[in-house]
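Colleague: I would like to learn how to read helix geometry and charge pairs in a model. Can we go through a case together?

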Amino acid sequence: MVSNLNLHLLSAVTLATLLWASGAPLEGEPITDIPAGDLSGEEWEEPMDELSRRWTEVLDITKGHKKEFEDEFHHNVKYDHLDNYKPPSLPERCPYSNFRKEACLQRLAEGLLKYSVLLKHVEREYPSSTILSGMKVNIEPMIKLIKERMKHSKRVTGLSSSQEEQLLKELSTPNTFHRKMTAHSILSNLINFLKDGKRAIINRERMRTNGNVTPINTFLPVS
């Protein structure tokens, strides 16, 4: 015959098992807050080592861009003046937090696809640029690595040939100074896009391993 004590123990174990299976916290167990808009189960399936390595490699290549710009114009034009020469409809960055993994990866891939088109304008103005050549070598593999981590990589779309032609046509102008400033602006904005993308990857990896972390913001340097 089962004693009352054993019945109480059995009931407690059963209740704890049901709570655990439903995802509810057990008594005394700390509750980890999930950032708004984020899904705790939506994690990177595997570490982003390869992609992070590529990302870091490209950013290392671009470190000398500001100096190259200042040397070319003999410090007569400020680097932040490039904001006045932004091409229309630049790709949006991936948020550092409160985002879904799939949506972020898609935004990164499509953004790099569009920048690969914009780099054609840079190539017309600076065909011998080492920064440009380093970016071109890495961007395509980076897009491939991003798509490999997506559940629906077929949703990633680039510009059509007509859209690409129209975009490059809009950047073409008889004004040599304007064309060169636009080329530098493309590089500057792509560098910022890459920095934002790396922060998004780092934050997502930290959430994967640590559960809940304070996102890296735009004021922290990314080397």
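Modeller: This is a predicted model. Begin with a bend: H5 has a kink of about 30° at Ile-139, shortly before the proline Pro-141.

Colleague: How many residues does helix H5 have, and what does it reach from its first C-alpha to its last?

Modeller: Helix H5 covers residues 130-148, which is 19 residues, and reaches 28 Å, close to the 27 Å expected at 1.5 Å a residue.

Colleague: Which residues of H5 are buried?

Modeller: Among them are Ile-131, Gly-134, Asn-138, Ile-139 and Met-142.

Colleague: How should I read the salt bridges?

Modeller: Side chains of opposite charge can pair when their charged atoms come close. The whole structure has 10 salt bridges. In one, the side chains of Lys-144 and Glu-148 meet at 2.6 Å, N to O. These two are four residues apart in helix H5, so about one helical turn separates them. Lys-144 is exposed at 52% relative accessibility, while Glu-148 is partly exposed at 48%.

Colleague: Which parts does the pair Arg-179 and Glu-125 tie together?

Modeller: Arg-179 and Glu-125 form a salt bridge at 2.8 Å, N to O. Arg-179 is in helix H7 and Glu-125 in helix H4, so the pair ties together parts 54 residues apart in sequence. Glu-125 counts as buried because its relative accessibility is 14%, under the 20% cut-off.

Colleague: Which residues are linked in a network of salt bridges?

Modeller: Glu-50, Arg-53 and Glu-57 are. Within it, the closest N and O atoms of Glu-57 and Arg-53 are 3.3 Å apart.

How values were computed
Residues numbered from 1 in each chain as written. Predicted model: local features only at pLDDT ≥ 70, side-chain atom pairs only at ≥ 80, totals over all residues. Heavy atoms only, no water. Expected span 1.5 Å × (residues − 1). Bend = angle between axes of the 7 residues up to and from the residue. Buried < 20%, exposed > 50% of the residue type's maximum accessible area, 1.4 Å probe, protein only. Salt bridge = Lys/Arg side-chain N within 4 Å of Asp/Glu carboxyl O.
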